[in-house]
Amino acid sequence: MCAINEATVTVVNTTTFKTVCTMKCGGTVNAVDFSPKGTFLTTWHRPPSGANEKNLIVWKVATGEEAFSQFQKVYTKEMWPTLLWNKYESVACRCVTNEVHFYNGSDFSQGITSRLRISGVSVAALSPKAENPTVAVMVPSLKVFIGLTG
């Protein structure tokens with residue numbers, strides 16, 4: 001379980017009710033999500049106006065250390081969580097402009113391990129239960145207007 005107090009997130013063990021770790025974020029935290037095994041916690045906070053600071057942060061729950069961070073301009077409840085894992089946490093993915101980025105889900109220091117380039121992709125979903133997951137993507141259709149003259 002985690003508790004948010006503006007820019008601070010505290011993870012608590014629900015069996016012992018002792019604090020596991022506390023993370024200080026760069027702004028008021030708007031969203032959190034645990035990885036499937038609870039190894040990682042992802043947070044998002046709104047970046048300061050005009051800044052490109054890394055505001056999507058993945059934390060190691062056991063230590064409270066930052067494992068990965070990226071800039072993400074927009075947050076919506078419908079698109080959260082932005083970073084998706086398979087249930088084994090061996091693969092993680094994130095949809096960005098015209099691409100889906102894949103990571104080693106347990107070692108983000110490797111950076112992007114693979115990219116899937118799809119023009120116009122807006123949503124990606126990772127099969128959560130597969131050891132070798134598959135990905136589904138959605139590209140919105142273009143609105144076509146037929147002009148009639150008469």
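I began with the charges. The protein carries 14 positive and 10 negative charges, and their mean positions lie 4 Å apart. I note here that the model is predicted.

**Overall layout**

I looked up the secondary structure next. I found 13 strands and zero helices in the protein. I then checked the extent of the C-alpha trace. Along its principal axes it spans about 75 × 40 × 25 Å.

I turned to burial and surface. Of the 150 residues in the protein, 33% are buried. The accessible surface comes to about 9,200 Å². Carbon and sulfur atoms hold 53% of that surface.

I also looked at contacts along the chain. Among contacts with a separation of 6 or more, 32% link residues 24 or more positions apart.

**The salt bridge**

I asked how many salt bridges the protein has by this rule. The count is one salt bridge. I noted the partners: the side chains of Glu99 and Arg115, at 3.3 Å from N to O. Glu99 sits in strand β10 (residues 99-104) and Arg115 in strand β11 (residues 112-117), so the pair ties together parts 16 residues apart in sequence.

Is Glu99 buried or exposed? I read a relative accessible area of 15% for Glu99, which is under the 20% cut-off, so Glu99 counts as buried.

Which side chains does His101 meet in polar contacts? One is Glu99, at 2.6 Å. Another is Arg115, at 3.3 Å. Both are the salt-bridge partners noted above.

I then listed the contacts of His101, leaving aside neighbours within four places in sequence. They are Ala92, Cys93, Arg94, Val96, Ile112, Ser114 and Arg115. Of these, I had already placed Arg115 in strand β11.

My last stop was Thr8. I found Thr8 in strand β2 (residues 8-12). Its relative accessibility is 19%. Buried means under 20%, so Thr8 counts as buried.

What does Thr8 touch, beyond its neighbours within four places in sequence? I noted Ala3, Thr22, Met23 and Lys24.

**Wrap-up**

I keep two entries marked. Glu99 and Arg115 form the salt bridge. His101 has polar contacts with Glu99 and with Arg115.

Methods
Residues are numbered from 1 along each chain as its sequence is written. This is a predicted model: local features need pLDDT of at least 70, side-chain atom pairs count only at pLDDT 80 or more; totals for chains, interfaces and linings use all residues. Side-chain values use heavy atoms; hydrogens and water are left out. Helices (H or I, at least four residues) and strands (E, at least two) are DSSP runs, numbered from the N terminus. Buried means under 20% relative accessible area, exposed over 50%, partly exposed in between (1.4 Å probe, protein chains only). Contact means heavy atoms within 4.5 Å. Accessible areas come from the Shrake-Rupley method with a 1.4 Å probe; for residues, only the protein chains shown count as cover. Lys and Arg count as positive and Asp and Glu as negative; His and the chain ends are not counted. The place of a charge is taken as NZ of Lys, CZ of Arg, CG of Asp or CD of Glu. A salt bridge is a side-chain nitrogen of Lys or Arg within 4 Å of a carboxyl oxygen of Asp or Glu. A polar contact is a pair of N or O atoms within 3.5 Å; within protein, one must be able to donate a hydrogen and the other to accept it, and residues adjacent in sequence count only if both atoms are side-chain atoms.
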